[in-house]
Amino acid sequence: MKWFDKLFGSSGSSHDYDGEGYYHDYPFYNSGGWHEPDFLSSTEELDHAIALSLVEDHGRDKPSPEVDDEQLARALQESLNLERGPRFGNPFLFPHFPVPVVPRSNCAGCDKPLGYGRFLSCLGKNWHPECFSCRLCNKPISDREFSVQGRDAYHRECYKELFHPKCEVCHNFIPTNAAGLIEYRSHPFWNQKYCPRHEQDGTPRCGSCDRIQPADVQYAQLGDGRNLCLECLDTAVLDTKACQPLYREILNFYKTLGMRIDQEIPMLLVERSALNAAREGEKDGHAHTSETRGLCLSEEQTIATVFGRKPRMPIGPANFFTEPLKLIRHCEVTAILVLFGLTRLLTGSILAHELMHAWLRLDGGFPNLPNDVEEGICQVMSHIWLSGELKNLASKNSGSSSASKANPTHNAIQARLGKFYLHQIMTDSSPIYGDGFRRGYAAVTQFGLSRTIEHLRFTGDFP
């Protein structure tokens with residue numbers, strides 16, 4: 001038709017061929033957005049050219065001015081009612097997409113025909129622009145860039161809200177590092193994810209379970225630089241007198257194993273400073289961790305023991321008071337000291353550890369055990385006691401009586417804490433406490449506790 005020549009200048013002109021078998025007749029979408037083809041830059045020119053062509057098709061003779069105007073108006077109206085696209089069946093006019101698309105295929109969003117209007121080819125499917133929407137907010141995606149997860153598309157902000165990890169301490173999006181990668185820390189047991197900066201910015205950490213304090217939660221302060229989360233505070237042992245029933249329970253635990261301790265050994269809860277001072281005054285040559293939580297005391301010392309009451313929030317130094325106590329040595333063991341403010345399970349496991357030191361010294365048959373061997377067998381005793389407590393908690397949860405199910409949430413929290421303390425014992429990386437425990441645990445698992453202890457008595461080492 002002559003309108004084609006009128007539109008492009010001549011039938012022999014270049015038609016913006018893309019090199020892959022398509023002419024760019026459809027509006028197309030790329031990273032820059034929707035685009036009109038270069039040679040359809042003016043809709044008015046195209047409609048006018050079509051109208052002129054339709055007039056020519058009605059007859060080759062030149063019409064009168066009146067007829068020309070009437071036919072031109074009718075042809076223009078008809079052209080406006082036509083769908084955009086290859087109006088005259090030109091087989092070369094296809095949209096500019098990497099994969100050939102049948103113009104009359106259905107939209108992947110609404111399943112209605114695409115017709116010859118604007119459409120988008122993305123994720124291997126064809127869409128009306130308004131149907132290509134975000135999976136999270138269901139609003140159309142009109143941005144130049146969007147994110148994809150699996151087969152679903154998202155606005156970049158929606159994708160970030162849904163998939164970008166948030167810090168469980170400050171609740172902000174975890175920032176990227178200098179390399180542009182998301183970098184965070186994760187607690188090996190609790191799986192608490194947080195920004196790396198919280199390890200150096202003074203954010204409080206629970207002294208019993210090691211979890212970092214979230215921004216919207218208040219931890220209790222013990223007055224010596226330590227903090228307690230609310231779950232640990234629920235069973236925290238804060239008073240020397242209140243700890244005596246637990247101490248007798250651990251003594252009975254040793255009795256049931258045939259390792260009775262007949263001597264009356266004082267047990268005191270103490271502050272961190274008092275415990276560290278007592279550790280420095282010991283001359284037993286034993287290795288201790290940087291954060292000592294318990295001590296089997298052999299020397300005569302004056303110790304400030306802690307007394308207090310069940311605290312109310314906010315907890316602080318005003319909830320406690322100390323009294324000095326002169327410890328007189330009546331046997332190889334002067335006293336058992338334990339850091340105050342720890343949970344019942346953690347306090348019990350420390351008592352089980354320190355009482356094993358006491359039993360070895362009072363027995364008299366285990367002189368000069370290597371540090372890793374003695375600390376290893378003491379950690380084994382802690383592990384045995386904690387494992388028994390977890391079994392008791394499990395039986396309470398599965399019991400049929402109303403008393404056993406009075407507080408299932410409390411039992412579940414205590415079970416999680418007990419598993420954490422077991423995890424700490426088993427994964428300790430120190431060569432004395434960690435490697436010593438793993439050697440001792442392997443020996444007890446294979447030969448039993450009695451045979452392992454007898455082997456220690458004769459050889460000074462694990463079998």
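The following exercises, with worked solutions, concern a predicted model.

Residues are numbered from 1 along each chain as its sequence is written. Local features need pLDDT of at least 70, side-chain atom pairs count only at pLDDT 80 or more, and totals for chains, interfaces and linings use all residues, while side-chain values use heavy atoms, with hydrogens and water left out.

**Exercise 1.** Compare the span of helix α10 with its expected span, and state what covers its buried residues.

*Solution.* Helices are DSSP runs of H or I with at least four residues, numbered from the N terminus. Helix α10 covers residues 408–427, 20 residues in total. The expected span is 1.5 Å times one less than the number of residues. From first to last C-alpha α10 reaches 28 Å, close to the expected 28 Å. Buried means under 20% relative accessible area with a 1.4 Å probe, protein chains only; in α10 the buried residues include Asn411, Leu417 and Phe420. Their cover includes α5 (230–233), α8 (344–363) and α9 (371–398).

**Exercise 2.** Determine whether Arg211 is buried or exposed, and list residues in contact with Arg211.

*Solution.* Arg211 lies in the loop between β10 (193–194) and β11 (220–221), strands being DSSP runs of E with at least two residues. Its relative accessible area is 13%, so Arg211 is buried. Contact means heavy atoms within 4.5 Å. Leaving aside neighbours within four places in sequence, the contacts of Arg211 include Glu231, Arg416 and Leu417. Leu417 is also among the buried residues of α10.

Note on methods. Buried means under 20% relative accessible area, exposed over 50%, partly exposed in between (1.4 Å probe, protein chains only).
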